[in-house]
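Reader: Hi! Could you walk me through this model once it is up?
Author: Happy to, here it comes.
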Amino acid sequence: MRVKKKLIIPIIILAIILGMAITTITIFGNKNLKGNDSIKEDWVKIYSKYLEDIANGKDRKIFLSESKLYDDPLLVVYGNIENSMGKSFHISIYALENDKVINPANYGYGCSNSECDIKFMYDVEHEEYNYYYYSKFEESYTYKTLDSLIIEFETQNDEELPKNPNYIMYKYSTNPEASFYSDKIYVIDTGMELKEFTYKKDSKYIKKQFESLVRSYKNNKELGSKYSDKIKEELKKINQEDSSNSEEVPAIENNNFKVGTYTLKYGKYKACFNGSNCREFTLNSDGTAIFDGAKKYFRVEDYNFGQGVEEALYPAIVFSDTEGGNSGPNIYTPYVSTPDCLMTDGEIECVNYIGQ
């Protein structure tokens, strides 16, 4: 009997060990198989490799930005280009989809008569920090987030928009001489020196510079935290200015309205052709309007700017002589626009907000 017990115990132990081994192999085998389906290459390696042979990158600046449209950061390549036509400002935005670099937006702006730049700013309305494409033309300022540039580019090229129903497009155009409204009502410049490097076609240089850029990368909220005291002071000044001007310009509650994904304001607008031949119109919160002194009505609806040749439907402001009546000749949209215009009627008239 003792011999049997001695034999039985090792057999039982061996069976337990074998069982555990089989279970372990099964568990880890399944885990590895599942992992193989969801392996994701690191975005740092993908971008670093892509930068080694990027097109048109010479002497342009490179930085990383958080995006609401993509899980991984955006790679932004921008800068001034000099040629026989003068100075132009170019922005190329890259993102990752399924471990591949895509190029969802490219812009070239003629900035010979205006100032163009990328700035890190605080959005007062949405209470968040963001990178903005910024331009100043005469006394008008335009600010667009990088995500806004992507959406605008894809809209203009009839591509499918990113599926993010909670995303709001942030694009502002302001005139600092319009009443007490100024660019500070919308955004405040932090004055931050962008963490970036200048591109050179040298793999060792790129690897070193990009690794340094990655180490310094932070999301917008964390990056902006060091400017919180400055922003509070600026907001305090704005609130004081608002209070001092409240008697001259009464505040309008719920002063915003939507045209598609854009947020516009009720108030006065100026529409100009070639910087002259201007006329003004006022949009009221009750749907009425004044256009060159004549009473009108306005509404927001999709309008085909393709002139019957092709379909180019965009949300637009449509004027009519009667409420809900036939639309007149003046129709404006923020979807078909230029850097210095808040809206256009199809790239002919340039429309900007001038005050309440």
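Reader: Where does the charged end of Lys200 sit?
Author: Over the ring of Tyr205, 5.2 Å from the ring centre. Here "over a ring" needs NZ of Lys or CZ of Arg within 6 Å of the ring centre and within 35 degrees of the ring normal. Lys119 has its charged end over the ring of Tyr134, 3.9 Å from the centre.
Reader: Thanks! What should I know about the source?
Author: This is a predicted model, where local features need pLDDT of at least 70 and side-chain atom pairs count only at pLDDT 80 or more, while totals for chains, interfaces and linings use all residues. Residues are numbered from 1 along each chain as its sequence is written, and side-chain values use heavy atoms, leaving out hydrogens and water.
Reader: New topic: how many aromatic pairs are there?
Author: The structure holds 27. Rings of Phe, Tyr and Trp (its six-membered ring) pair if their centres lie within 6.5 Å; planes under 30 degrees apart are stacked, over 60 edge-to-face, the rest tilted.
Reader: Why do Tyr78 and Phe89 count as tilted?
Author: Their planes are at 55°, with centres 6.0 Å apart, so the pair is tilted.
Reader: Is Phe89 buried or exposed?
Author: Phe89 is buried, with a relative accessible area of 2%; Tyr78 is buried too, at 5%. Buried means under 20% relative accessible area, exposed over 50%, and partly exposed in between (1.4 Å probe, protein chains only).
Reader: And what about Phe281 and Phe291?
Author: They form a stacked pair, 5.4 Å centre to centre with 5° between the planes. Both Phe281 and Phe291 are buried.
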